[in-house]
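Morning, everyone. Let me put the structure up, and then we will go through it piece by piece.

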Amino acid sequence: MLVRRRGPVKTVYAIGAVVMMMVIMFLALPARAEAVKFPDVSSQDWFAEAADVLSDMGIVQGKLDGTLQPYETISRAEFVVLLSRSLGLTAPVAHPFADVPSGAWYEAAVSALYQAGLANGVTATSFDPDGKVSRQQAASFITRAVAWAAEQDQEPAPEEESQTPTPDGESQAPVTEQQPQEASQQNLSQAEVEAWLGGFPDRLFIAAVHRLGVADAYRLGLVSGQLDGRFYPVAEVTRAQTIGMLYAAFFKGTEPLVTPPAAVPTYPAYPDAGLGARGPHVLWLEQRLAQLTYRPGTVDGVFDDRTRYAVIAFQKWEGLARDGVVGAQTWVRLASASRPTASRSDSGIWIEVSLRKQVFLYIENGIVTRTLPTSTGRSFTYRSAPYTVLRKPIADGPRYRALYLVPGYVLAIHGYPSVPTYPASDGCVRLPLRDMDDLRAFDATNPMIPNGTRVYIG
């Protein structure tokens, strides 16, 4: 049986005298321990109050070194634990997810939210606990939880105290629940949804399944646009943003908005991005490329040469113009694209080089984990049978960190300063220098491409 522990859950609907009564009740509670002071959270940070309150309640905890790391993106496992603690949920462990190990620190949260109908897997049997949470997914998660919490509180239950276990087995101080006053409007009409989304230039990028959640979250004051006014629905949500949303949804007592924003044009949804560009649109670009197995380098919101190579690899795979600039067509494709797929299924590690697309795929047990731009032989005839890697440990002239595929040091995969968007080599498979460094980084201890690795070129 699903049990909602009685916790300090308020929603954004508290107004007037009801808010005052809640404050008085809160002050009457036994004093709690002082909130954790995270060394990487300044009192000037927009989320500082939320971090203070939620850490005081035992909902938010620091990393092993005591930091919050607020700008790190959050995993699905972390997200459901924070949401479950905010709701005070507990239930007997029962779920269908094969990738949620028995006894995992997040298993109870996954199970409780699943049984409450607030969290599903990415498939019927997979939860993907290490996967990231997008901004639109977070909005949907939390608005559903707000509506669910209000439904549970329509019939007030007696206050009671509880000890909420944390992942390491410790428990937090007993807390007492306050009652939400109104349900989230999960019955907004289609016209109302579109009206509430009207202030986001990139609203057309919000997936149909999440449009209600984002609209309701905006109406409730749980989310807003970034500094440039865009929502960036598929950008990965950070720990700070998650904490801020949970605080606004269940503890702060913010009043909902009454009037939708003025509608703004949807074109251009995002500005064109090329070398030297920077800002939230570039940060989302890098996050998205990394999600799809392209390798943009450091995800820092700066469009550098590694980002450009990752964009070119994406454009090659998707059949777009290979110019390394993210224009309207590339932005649209990024929002809906899936990660590349291997042309064969097997176990172990192998490499596929597509001559038509001019991309290099690194594959582990049938799953593509790296997609890199390459330039192959302009007039070389490759055999249909797989090649085999014969490792050469040092640079060989212009063949940087070469991996030779046949005896005699003739044909190789190697780094090269120039990797055009078309076949340009004498037969070797060229990769960007830094991508070659990454592939060979663990040669001494755990090589990514060991001797004998199969390479299919065709």
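One term before the tour: buried means under 20% relative accessible area, exposed means over 50%, and partly exposed is anything in between, with a 1.4 Å probe and protein chains only. Now the ground rules. This is a predicted model, so local features need pLDDT of at least 70 and side-chain atom pairs count only at pLDDT 80 or more, while totals for chains, interfaces and linings use all residues. Residues are numbered from 1 along each chain as its sequence is written, and side-chain values use heavy atoms, with hydrogens and water left out.

Salt bridges first. The criterion is a side-chain nitrogen of Lys or Arg within 4 Å of a carboxyl oxygen of Asp or Glu. How many salt bridges does the structure hold? The count is 18.

Take R401 and D437. They form a salt bridge, with the closest N and O atoms 3.1 Å apart. The pair links distant parts of the chain: R401 is in strand β8 (residues 400-404), D437 is in helix α12, and 36 residues separate them. Helices here are DSSP runs of H or I, at least four residues, strands are runs of E, at least two, and numbering goes from the N terminus. D437 is partly exposed, at a relative accessible area of 24%. R401 is partly exposed too, at 24%.

Next, R391 and D443. Their side chains meet in a salt bridge at 3.1 Å, N to O. This pair also joins distant parts of the chain, 52 residues apart: R391 is in strand β7 (residues 390-391), and D443 is in the loop between α12 (433-439) and β11 (454-457). R391 has a relative accessible area of 21%, which is partly exposed. D443 is partly exposed at 21%.

E318 is in helix α10 (residues 305-318) and R333 in helix α11 (residues 328-336), 15 residues apart. R333 is partly exposed, with 26% relative accessible area. There is also a network of salt bridges, linking K63, E72, E78 and R239.

On to the pocket. A 1 Å grid is laid over the protein atoms alone; a pocket is an open set of points with protein on both sides within 12 Å along at least five of seven lines, a cavity is a set where a 1.4 Å probe fits but cannot get out, and lining residues have an atom within 4 Å of a point. Points join across faces, edges and corners, and the volume is the space filled by probe spheres set on them. The largest pocket holds about 900 Å³. Its lining has 33 residues, and W46, R135, Q226, A240 and Q241 lie nearest the centre. Which helix gives the largest share of the lining? That is α8, with six residues. At least two lining residues come from each of α2 (48-56), α8 (239-250) and α9 (280-291). By type, the lining divides into 18 nonpolar, 11 polar and four charged. Nonpolar means Ala, Val, Leu, Ile, Met, Phe, Trp, Tyr, Cys and Pro; charged means Asp, Glu, Lys and Arg; the others, Gly among them, are polar.

Now the packing. A nonpolar core is a set of buried Ala, Val, Leu, Ile, Met, Phe, Trp, Tyr and Cys residues joined through side-chain atoms within 4.5 Å. The largest has 66 residues, and L83, L87, I142 and F250 touch the most other members. Elements giving two or more residues to this core include α3 (76-87), α5 (135-152) and α8. I142 touches F79, L222, M245, L246, A249 and F250, leaving out residues up to four places away in sequence. Contact means heavy atoms within 4.5 Å. Another core lies apart, with 31 residues, among them L285, A337, I363 and Y456.

After α4 comes G117, with a positive phi near 80 degrees.

Last, backbone checks. The peptide bond from Y267 to P268 is cis, omega near -5 degrees. P268 is in the loop between α8 and α9. Q69, a residue other than glycine, has a positive phi near 55 degrees. Q69 is in the loop between α2 and α3. D128 also has a positive phi, near 60 degrees, and is in the loop between α4 and α5.
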